[in-house]
Amino acid sequence: MSEWKAGTPFRFVGCVELREVLGRKAADVEQLLTGIEAVPLDSIYYHTHSYFLRYEHGPTLFPSDFATWAAVSVRDRVLSERLGLIDPFEFRDLEALRGQIVSTIDEHLKSLWSVPRLAHGGPFEFVSSHIIEVDLEVSANTLDEFRDRLATVDRSALFNHICEAKIRKGRRSGDFIIWIGSEEGLNLPDLANRLGGIQPLGLTLEGIRSQMLEALDGWRAEHASSVGSPSQRLDQ
Amino acid sequence: MPISLNAYREIAPPGRVELLHRLSKQAAGKRLLHVTGERQGGEVEETLHALVPLLDDVGVKVHWETMEGAELFSEAVRAFRNGLQGEEVRIPDGLLDAYRDVVRANGHRFDLLADVVMTHDPQALGLIEYAATDVRWIWRCYLDVSRPHRKIWNFMRPYIAKYDAAVFSLPQFAQPLPLPQYLIYPSIDPLNDKNRELEREEIDAVLEKFQIPRDKPILLQVAAFNRFKDPRGVIEAYRLIKSHHNCRLVLAGGVTPEDLDDQAVLNDAREAAGKDEDIHILLLGDAPLEINALQRSATLVIHKARREGFGLAVAEAMWKGKPVIGSETGGINLQVMYGQTGYTANSVEGTAFYGRHLLNNPTIAEDMGRRARERVRQNFLITRHLEDYLSLIILLAHT
């Protein structure tokens with residue numbers, strides 16, 4: 001059957017994460033600030049993105065370990081809310097994200113008479129992560145194949161093609177959207193734009209998957225008459 | 001017959017077994033040697049009994065050796081374990097010499113030629129002295145060494161510093177060290193007797209054996225009888241719950257043989273229970289099937305420890321779909337997601353409050369139990385442990 005066919009297939013690559021303890025701790029907000037300024041960018045990445053891999057139901061409080069620690073252990077709700085609102089996907093790179101986090105904490109500290117300290121639980125432990133890519137040996141040549149593979153592929157592939165691609169590899173749109181929109185891929189910029197409207201912040205990987213599938217199905221239904229038999233696609 | 005990775009296909013998260021098969025291609029053919037103090041007995045050994053066949057199944061050439069030593073060596077290791085966890089211990093120089101002697105003898109006995117050697121806890125730590133130059137050495141420490149007894153730490157640290165990497169179960173268990181320290185959570189094996197699915201008849205048989213009727217909700221704590229696990233505190237919480245909900249309490253665990261302190265804690269729990277026929281104190285040794293059945297029959301599970309290591313009993317209960325009310329200590333915080341898979345509490349009253357809340361709201365308890373099982377599926381199954389070990393082997397091969 002003739003379908004939306006790509007020039008180059010999409011290869012799904014999953015990943016695994018190995019965590020490294022950096023041995024740096026923070027017992028108050030000032031130490032948190034100096035820690036954030038000093039640790040490698042991999043640690044900033046871990047504390048602002050890896051929750052996707054860690055929390056299958058979504059983070060308990062905020063999608064940032066810094067914000068959650070400020071809320072739970074320091075009990076500084078104002079700071080935690082300000083940190084929680086920072087969307088890591090809005091920044092051009094991790095250094096810019098680090099800068100925003102540092103500025104937010106710095107401004108908050110300037111507005112206070114004393115440094116908020118640990119009130120409950122343990123100090124903040126800086127951790128970093130190593131991502132190892134795993135070729136899942138799953139590929140898609142057409143939009144229908146892509147939709148089917150996306151529905152069942154290991155969720156780490158979503159993390160790899162969205163978070164890793166956008167944040168660590170500088171592919172700002174993420175691998176899925178690039179492939180769908182580019183001439184080498186499916187060359188469907190309209191669909192790519194629609195998928196680009198999905199905001200990962202606050203979603204789980206399964207939530208992102210669901211929203212992507214919904215967007216793909218909706219788009220295919222709207223364009224069913226343009227290629228092939230509608231029933232064959234709508235039955236997917 | 002050893003269990004293969006494919007046996008976990010329907011249990012692990014969807015797609016995970018395929019991912020592990022693909023990941024293992026990067027580690028296939030690597031030689032991995034595990035060295036422990038014993039082959040049976042504790043969580044370390046239980047985990048390796050599950051992991052070694054899986055590593056073998058995915059193509060890693062894995063071997064497992066145990067140290068051979070006399071009574072003095074065992075005494076030294078006990079002192080090291082206690083001292084590393086911060087207890088005041090007396091350690092005569094003779095014990096240190098005994099440890100060195102046993103390490104030397106085993107260092108000559110083992111074939112240490114592997115790509116990666118992983119020693120577990122203090123028993124085999126000193127083998128690094130006999131390392132070949134092109135072998136990567138990992139110290140896998142399950143203990144909380146954040147506040148060690150200084151004399152013990154000063155003795156162990158030079159050994160540790162020679163390793164290529166250390167692995168801890170929680171960030172707060174680690175120490176400042178001049179080597180990379182990785183974080184690998186312990187895990188449960190969903191196919192062993194402690195965690196496998198049970199038939200209703202199997203559960204009933206265990207309850208019958210312990211004379212526990214199913215006529216009212218069962219609160220359960222599975223933990224050793226020692227002062228850190230606070231059985232009296234659990235009984236006090238149960239009493240506060242009991243005044244509103246007719247329920248039973250089961251306290252199941254063991255005592256360290258000949259440990260007078262543990263015996264005193266057990267006696268204290270029995271005294272606190274008094275003549276309450278709804279409190280069942282079960283002294284269990286190695287009884288995986290019984291623990292499995294008790295966890296499955298419980299309405300909710302309590303883990304009110306004052307101090308805890310990782311606390312895998314929490315994951316075991318969560319895997320059986322039970323909401324857990326745990327203390328905010330050790331690995332319990334990490335396993336229990338407050339308000340989603342259970343609650344963490346800091347007091348007898350807090351434990352009782354959440355206990356009442358869950359008994360009052362069975363639908364919430366059921367939802368939490370479902371999420372708890374999924375949390376374990378994603379994070380604390382042996383398949384995730386396999387993933388971490390493969391990742392570590394791969395990472396070390398490239399650094």
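**Notebook: chain B**

I looked first at contacts (heavy atoms within 4.5 Å). In chain B, 71% of the contacts with a separation of 6 or more join residues 24 or more positions apart.

I note that the model is predicted, that local features need pLDDT of at least 70 and side-chain atom pairs pLDDT 80 or more, and that totals for chains, interfaces and linings use all residues. Residues are numbered from 1 along each chain as its sequence is written, chains are lettered from A and ligands numbered from 1 in the order written, and side-chain values use heavy atoms, without hydrogens or water.

I then looked up the elements, taken as DSSP runs numbered from the N terminus (helices: H or I, at least four residues; strands: E, at least two). Chain B holds 14 helices and 12 strands. Its radius of gyration, over C-alpha atoms, is 22 Å, close to the 21 Å that the globule rule (2.2 Å times the number of residues to the power 0.38) gives for 399 residues, so chain B is as compact as a globular protein of that length. I read the span of its C-alpha trace along the principal axes as about 65 × 50 × 35 Å.

For burial I used relative accessible area with a 1.4 Å probe and protein chains only: buried is under 20%, exposed over 50%, partly exposed in between. Buried residues form 59% of the 399 in chain B.

B:Gln211, at about 55°, sits in the loop between helix H6 (200–209) and strand S7 (218–222); its relative accessibility of 66% makes it exposed. B:Asp230, at about 50°, lies in the loop between S7 and helix H7 (231–242), and is buried at 7%.
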